[in-house]
Amino acid sequence: MILQDWTIVRKRRMGLALVILAAVATLPPPGAIAKDARGCTAGTTLRLSAPEASQGSLLLIELKSAKPLAEVQGEWNERIVPLWQEGTDQGQRRGLLGVDLEKAPGEYELKVTGQTAGGERISCNVMVAVQKGQFATEKLQVEKQFVEPSPEQVKRANEERQKLRDIFDRVALERLWDGPFRIPLDGVTTGSNFGKRRILNGNPGSPHGGMDLPGTTGTPVHAAQRGRVALAEELFFSGNTVVVDHGLGIYTFYGHLSQIDVKAGDALETGAVLGKVGATGRVTGPHLHWGLTVERARVNPLLLVRLLGNPSVEAARKRRSKARTK
């Protein structure tokens, strides 16, 4: 989310400007299904929501077994990928595979292992190809203090960076969400600037790790799904900030709020008001910086809504998109 910004602190180059675009964020085509993974044990299949991935993308994993499953987990990029049971089907598991915004292109092996309820071992292996993301570059002029911070600001930013890293390193073993994820602003269907590469006051900056959602100051900001507040405080770069833990390594991030209406440790229901849109921290105007990390990978948050969202909302989005192309 905003972790990449603190890399710029150490180089004394940082900044941010708000650029709201009308274009819809680039997303992979919904419903694309990869071929069943070879190397699965008999009676087991593994499918992905897309045949390949790109930097900043998110894939849905679906594991099916002819027999009821007990414990199952995945491993990819030297990280554990939690899988959960969806509904009452004991032979099915789902999981999310996050590809970090700056993940090096190449092929990486996804391994899924576990056992059936009867004690039989199961496994599946598949290679996931990661392509370079297609992100625009923009040149921005920002306030000098965000390009050449004081020693005190550098110290503060580094401490906040580590605090966020510690939060994202914690993986709640229980699934805290229940049902579809939503966009946190009512009436907003898309955003902009995810992954943009930036030139700040003539110096290369970090990629934009979240998505900018348009909103006026005071607009309520809602939790994308059920979860627990992991952080609710003012940070140097992102201003008034809330981080929500949804379990199984999924965290959503809400920055630049004008006010915070929750506190760390609060249990939230879907749609709970976290605070209000604002322009605190490193911004040039009011908006919501919405980010998502999945197993510490910074990914496009709109993909979470698409893959685990409300089917009726997605259907309406596709109808609007089709109407615009006519």
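**Exercise 1.** Determine where glutamate 295 is placed, and whether this residue is buried or exposed.

*Solution.* Step 1: Glutamate 295 belongs to the loop between strand S19 (287-294) and strand S20 (297-299). Helices (H or I, at least four residues) and strands (E, at least two) are DSSP runs, numbered from the N terminus. Step 2: The relative accessible area of glutamate 295 is 10%, so the residue is buried. Buried means under 20% relative accessible area, exposed over 50%, and partly exposed in between, with a 1.4 Å probe and protein chains only. Step 3: Although glutamate 295 is not a glycine, its phi is positive, about 50 degrees. Most residues other than glycine have a negative phi.

The model is a predicted one, in which local features need pLDDT of at least 70 and side-chain atom pairs count only at pLDDT 80 or more, while totals for chains, interfaces and linings use all residues. Residues are numbered from 1 along each chain as its sequence is written, and side-chain values use heavy atoms, with hydrogens and water left out.

**Exercise 2.** State which residues line the second largest cavity, and sort them by class.

*Solution.* Step 1: The structure has two cavities of 30 Å³ or more. On a 1 Å grid over the protein atoms alone, a cavity is a set of points where a 1.4 Å probe fits but cannot get out; lining residues have an atom within 4 Å of a point. Step 2: A volume of about 40 Å³ is found for the second largest cavity; grid points are joined across faces, edges and corners, and a volume is the space filled by probe spheres set on the points. Step 3: The lining consists of Pro82, Trp84, Leu96, Leu248, Ile250, Val294 and Glu295. Step 4: Six of these residues are nonpolar, none is polar and one is charged. In this sorting, Ala, Val, Leu, Ile, Met, Phe, Trp, Tyr, Cys and Pro count as nonpolar, Asp, Glu, Lys and Arg as charged, and the others, Gly among them, as polar.

**Exercise 3.** How many aromatic pairs does the structure hold, and which parts does the pair of phenylalanine 168 and tyrosine 251 tie together?

*Solution.* Step 1: There are five aromatic pairs. Rings of Phe, Tyr and Trp (its six-membered ring) pair if their centres lie within 6.5 Å; planes under 30 degrees apart count as stacked, over 60 as edge-to-face and the rest as tilted. Step 2: One of the pairs joins phenylalanine 168 and tyrosine 251 edge-to-face, at 5.3 Å centre to centre and 70 degrees between the planes. Step 3: Because phenylalanine 168 lies in helix H2 (residues 151-169) and tyrosine 251 in strand S16 (residues 250-260), the pair ties together parts that are 83 residues apart in sequence. Step 4: Phenylalanine 168 is buried at 4% relative accessibility, and tyrosine 251 is buried at 1%. Step 5: Phenylalanine 236 and phenylalanine 237 form another edge-to-face pair, with 4.9 Å centre to centre and 65 degrees between the planes. Step 6: A cluster of Trp84, Trp177 and Phe181 is linked by ring pairs.

Definitions and conventions. 1 Å grid on protein atoms, 1.4 Å probe; cavity = no way out; pocket = protein on both sides within 12 Å on 5 of 7 lines; lining within 4 Å.
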